[in-house]
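Q: I would like to learn how to read a few features of a structure. Please show it first.

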Amino acid sequence: DMQASLLSEISAEVMLRRTNGELERGLPPKTTAVVACRPTALQRALHAALQEDGVEKAFTRLQLLRAMHLFPPLLGASRDGAGRTGKMLLKRVVGKLPEQPAARMLLSGKLQACARLLDAILEDGSDKVVVVGSSVVALAAVADYARSALGSHDAAAALTGALGKKARKALIDRFNGRHGGSSSLRVLTLVDKLAEGVTLIG
């Protein structure tokens, strides 16, 4: 233990840290696409129902609007007042939400656009995709859709804070194809708060 800590101290002084510029030289050019997303009929109906309800608390109203326009199942995801109101709103407007991954993606204009982009990218057969977002629930829907579309449970995975450090490292190594060449893992969803410092090379 003493030798390991001494080695750690010495190497910390001389450890090479790569800059963004150095890392970018080894990557393909960045492509940015701005995709217009229209709300689905369900999202419009939920929006209208929320206006009719007249929710008075501005913060609650904002939470509900944000959830419904990202992914309607988020309406009932929280355990606070907004979550209870959202569950009632969903039940009144929709009844029961679909369980099939493709049908769940159709609930949201943003996730419909995401599905179209995923389909186009994955059509090649060798490309890998990283989907970064702020909602674990929406990212889980994307991972489920990718698994369904690719016909393999191992084709997609979610990197979330619920994973321990070893499990996160193993998942990143699997996506990067370390320890045994290529990997069947082609889609990795990642919560934006965990994205900093993660090196994904596919």
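A: Start with contact, which means heavy atoms within 4.5 Å. Axes are lines fitted to C-alpha atoms, for helices over the stretch in contact, and angles run from 0 to 180 degrees between N-to-C directions. Helices (H or I, at least four residues) and strands (E, at least two) are DSSP runs, numbered from the N terminus. Here helix H7 (residues 109–122) lies across E1 and E3, at about 160° to E1. Helix H8 (residues 136–150) lies across E1, E2 and E3 and runs at about 180° to E3. This is a predicted model, where local features need pLDDT of at least 70 and side-chain atom pairs count only at pLDDT 80 or more, while totals for chains, interfaces and linings use all residues. Residues are numbered from 1 along each chain as its sequence is written, and side-chain values use heavy atoms, with hydrogens and water left out.

Q: In what order do the three strands form the open sheet?
A: Strands of a sheet pair through backbone hydrogen bonds, either parallel or antiparallel. Two strands pair if DSSP finds at least two bridges between them. In this sheet the order is E1-E3-E2, with parallel pairing. Strands E1 (129–133) and E2 (156–159) each have a single partner strand, so one side of each lacks a neighbour in the sheet. E2 is joined to E3 (residues 187–191) by four bridges, and Ala 158 stands opposite Thr 189 in E3.

Q: How many disulfides does the structure hold?
A: A disulfide is a pair of cysteine sulfur atoms within 2.5 Å. The structure holds zero. For Cys 37, the nearest cysteine sulfur is that of Cys 114, 9.2 Å away.
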